[in-house]
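Please look at the sequence and the model below before reading on.

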Amino acid sequence: MLKLINDRMTNKFNRLLKEKKVTVKQLQVLEYLKAYDGKMITQKDLEIAFDVSHPTISRMLKAMEANHSINTYMNPDNRKMKIIEYDKAKYAESDNHRNAV
């Protein structure tokens, strides 16, 4: 029952946010990145934190990068690690949208 309520609320918020080209899950990722600002956050960290598969987080990050919400780059010390940072200017815009909902 709780899952059903959560899914319906998420769908409603996603519809409200559609024109802003951001989803609830993407806002959650941005919040996570903001909470750990200044620390090196990798794609693997996000997979674990949000309990999602590699392909799922990869698609989400590609969409967010295309939307200029985040920046990604390879760790120069370990080319297998993708480091994720949020775009502070874009985050402020998303934060305003979140508060409006």
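## A report on the fold

Thr42 lies in strand S1, where helices (H or I, at least four residues) and strands (E, at least two) are DSSP runs, numbered from the N terminus. This is a predicted model, in which local features need pLDDT of at least 70 and side-chain atom pairs count only at pLDDT 80 or more, while totals for chains, interfaces and linings use all residues. Residues are numbered from 1 along each chain as its sequence is written, and side-chain values use heavy atoms, with hydrogens and water left out.

With a relative accessible area of 6%, Thr42 is buried, a word that stands for under 20% relative accessible area, whereas exposed means over 50% and partly exposed lies in between (1.4 Å probe, protein chains only). When its neighbours within four places in sequence are left aside, Thr42 is in contact with Met81, Lys82, Ile83 and Ile84, contact meaning heavy atoms within 4.5 Å. One of these, Ile83, is also the bridge partner of Thr42 in S3.

**The sheet**

Three strands form an open sheet in the order S1-S3-S2, with antiparallel pairing; two strands pair if DSSP finds at least two bridges between them. The edge strands are S1 (41-42) and S2 (70-75), each of which pairs on one side only. Strand S3 (residues 78-86) is joined to S1 by two bridges, and these strands run antiparallel. S2 and S3 also pair in the antiparallel sense, over six bridges, and the bridge partner of Met74 in S3 is Lys82. These strands, S2 and S3, form a hairpin with two residues between them. As background, strands of a sheet pair through backbone hydrogen bonds, either parallel or antiparallel.

Which strands does helix H2 touch? Helix H2 (residues 24-35) packs on the sheet and touches S1, S2 and S3, and its direction makes about 100 degrees with that of S3. Axes are lines fitted to C-alpha atoms, for helices over the stretch in contact, and angles run from 0 to 180 degrees between N-to-C directions. The 12 residues of H2 should span 16 Å at 1.5 Å a residue, and this agrees with its end C-alpha atoms, which are 16 Å apart; the expected span is 1.5 Å times one less than the number of residues. Among the buried residues of H2 are Val24, Leu27, Leu30 and Leu33.

The axes of helices H3 and H4 come within 10 Å and cross at roughly 115 degrees. That makes H3 roughly perpendicular to H4, since angles of 65 to 115 degrees count as roughly perpendicular, those under 35 as roughly parallel, those over 145 as roughly antiparallel and the rest as oblique. At this crossing, Gln43, Leu46 and Glu47 in H3 meet His54, Ile57, Ser58 and Leu61 in H4.

Most residues other than glycine have a negative phi, and most peptide bonds are trans.

**The whole chain**

The secondary structure of the protein chain comes to five helices and three strands, and from the N terminus on its elements run α-α-β-α-α-β-β-α. Of the 101 residues of the protein chain, 32% count as buried. Among the contacts in the protein chain with a separation of 6 or more, 45% are accounted for by residues 24 or more positions apart.
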